[in-house]
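Let's take a friendly walk through a protein model together. Keep the sequence and the 3D view side by side as you read.

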Amino acid sequence: MKKLFITFVICLGCASFSEINAVNFSEAKTQQGSARSIGDGYSKDSRKVYFRQKEVKYADPSSFRNLGSGYAKDNFAVFYNGVKIPGASVSSFRPTQDGYAKDNMRTYYRGKDASKMGTITEDDYPQISPEGYCLHESKVYYNAVEMEEADFDSFLDRSAEYAKDAKNVYYKGKVLPGAETDSFECFYDGYAKDDKNVYYNGEKIASGLSDSFDCLTHGYARDAERVYYNGKEIRGAVPYSFETTKDGHAKDSKQEYQNGEPVAGSTGSFTDLGDGYTKDDYKVFYNGKEIEDAMKNSFVNLGEGYAKDAMSAYYKGVEIEDASPSTFENVGKGYAKDNQNRYYMGKKEEGKEGKEEKINKVRNKLKL
């Protein structure tokens, strides 16, 4: 009885400990989930700063800001990719270009003291970059042209095109009219937003809903009411079910899309096979065009443009005449073969006889 009681107490303790751990994990996950992105992998909430979902040690969230190119700083320290840079001067620290940065004491390359990296010195790179944003001697430049409106002390390079400071938002070095600097954030493929508007390549998307805007991939984006490709609405697309895959493909509950255009005859049962090949419950497609007579149940992508089904072999969606699908295989670097021929970029190699063809010729000679 005593052993049974002890076992019960231990089990109860373990259960309580597990529950506590589960609660702590849930709380930690919730706290991190509430972190606001500030760009380049950095995010923060009221208590902590994160780089790619990992806590940045010694960082002060209230004063922490992203400087671009992996660099960041708060009122007490400077960081590169979430790691504190020992001895860096907070007040004078500035990123320059191509992974370089400097303060009033040192030059840095990817967060390391450049003077300890052999022959790399400040003279090894131009002070004013010929391309993109650059900070130099209390001035801001874009494509080596001074941005007279820019505030050096608060300037943040957000991407290759977008930037902001305490006063303005910029696109390719020019003030973006009406954009709110406090709420401005940029995404991939030219998309950005603030609390009021959505932008594509520096232009407002008139129908864009900022509060529900979500940038996807390969030029696609959506909000609660519409789907966009390269900043233009895809009419008829279903936002809540819309998702991208790769190579410019996407789908919703009704059909599939290639580079923002609906694929004629497709359905919402789309499957991406890779290398431009897709299929739904009825048909097979290559870059959005139906492959006539292709057999969806046996169709497989072989890579590098090659594919086959039970009856045919294909190169970039075009049937390869007389190829034997049962023995057809991709051998790499543009080449494929079956038991009769070799192929390059989907074309039969002239003068290259397959094993079966040679055997047949020998047999014919022996008959003579």
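Let's begin with a sheet. Here 4 strands form an open sheet in the order β20-β21-β22-β23, and their pairing is antiparallel. The edge strands are β20 (185–186) and β23 (203–204), each of which pairs on one side only. Strands of a sheet pair through backbone hydrogen bonds, either parallel or antiparallel. The names follow a simple scheme: helices (H or I, at least four residues) and strands (E, at least two) are DSSP runs, numbered from the N terminus. Two strands count as paired if DSSP finds at least two bridges between them.

Before going further, please note that this is a predicted model, in which local features need pLDDT of at least 70 and side-chain atom pairs count only at pLDDT 80 or more, while totals for chains, interfaces and linings use all residues. Residues are numbered from 1 along each chain as its sequence is written, and side-chain values use heavy atoms, with hydrogens and water left out.

Back in the sheet, look at β22 (residues 198–200), which pairs with β23 in the antiparallel sense over 2 bridges. Y200 has E203 in β23 as its bridge partner.

Now move along to another pair of strands. β36 (residues 300–303) and β37 (residues 306–308) pair in the antiparallel sense over 3 bridges, and N301 stands opposite A307 in β37. These two strands form a hairpin with 2 residues between them. In the turn, E304 has a positive phi of about 60°.

Next come the charged side chains. Side chains of opposite charge can pair when their charged atoms come close. A salt bridge is a side-chain nitrogen of Lys or Arg within 4 Å of a carboxyl oxygen of Asp or Glu. How many salt bridges does a search of the whole structure find? The search finds 9.

One of them joins K48 and E55, whose closest N and O atoms are 3.7 Å apart. Are these residues buried or exposed? Buried means under 20% relative accessible area, exposed means over 50%, and partly exposed lies in between (1.4 Å probe, protein chains only). K48 is partly exposed because its relative accessible area is 28%, and E55 is partly exposed at 47%.

D214 and R222 also meet through their side chains in a salt bridge (3.7 Å, N to O). D214 is partly exposed at 32% relative accessibility, and R222 is partly exposed at 21%. A salt bridge also links the side chains of K283 and E290 (3.7 Å, N to O).

Now find S324, in the loop between β39 (318–319) and β40 (329–332). S324 counts as buried because its relative accessible area is 17%. Its side chain makes a polar contact with the side chain of T327 (3.2 Å). A polar contact is a pair of N or O atoms within 3.5 Å; within protein, one must be able to donate a hydrogen and the other to accept it, and residues adjacent in sequence count only if both atoms are side-chain atoms. Leaving aside neighbours within four places in sequence, S324 is in contact (heavy atoms within 4.5 Å) with D338 and N339.

We finish with the cysteines. A search of the whole structure finds 0 disulfides, a disulfide being a pair of cysteine sulfur atoms within 2.5 Å. For C215, the nearest cysteine sulfur is that of C186, 9.9 Å away. C215 is buried, with a relative accessible area of 14%, and C134 is buried at 0%.
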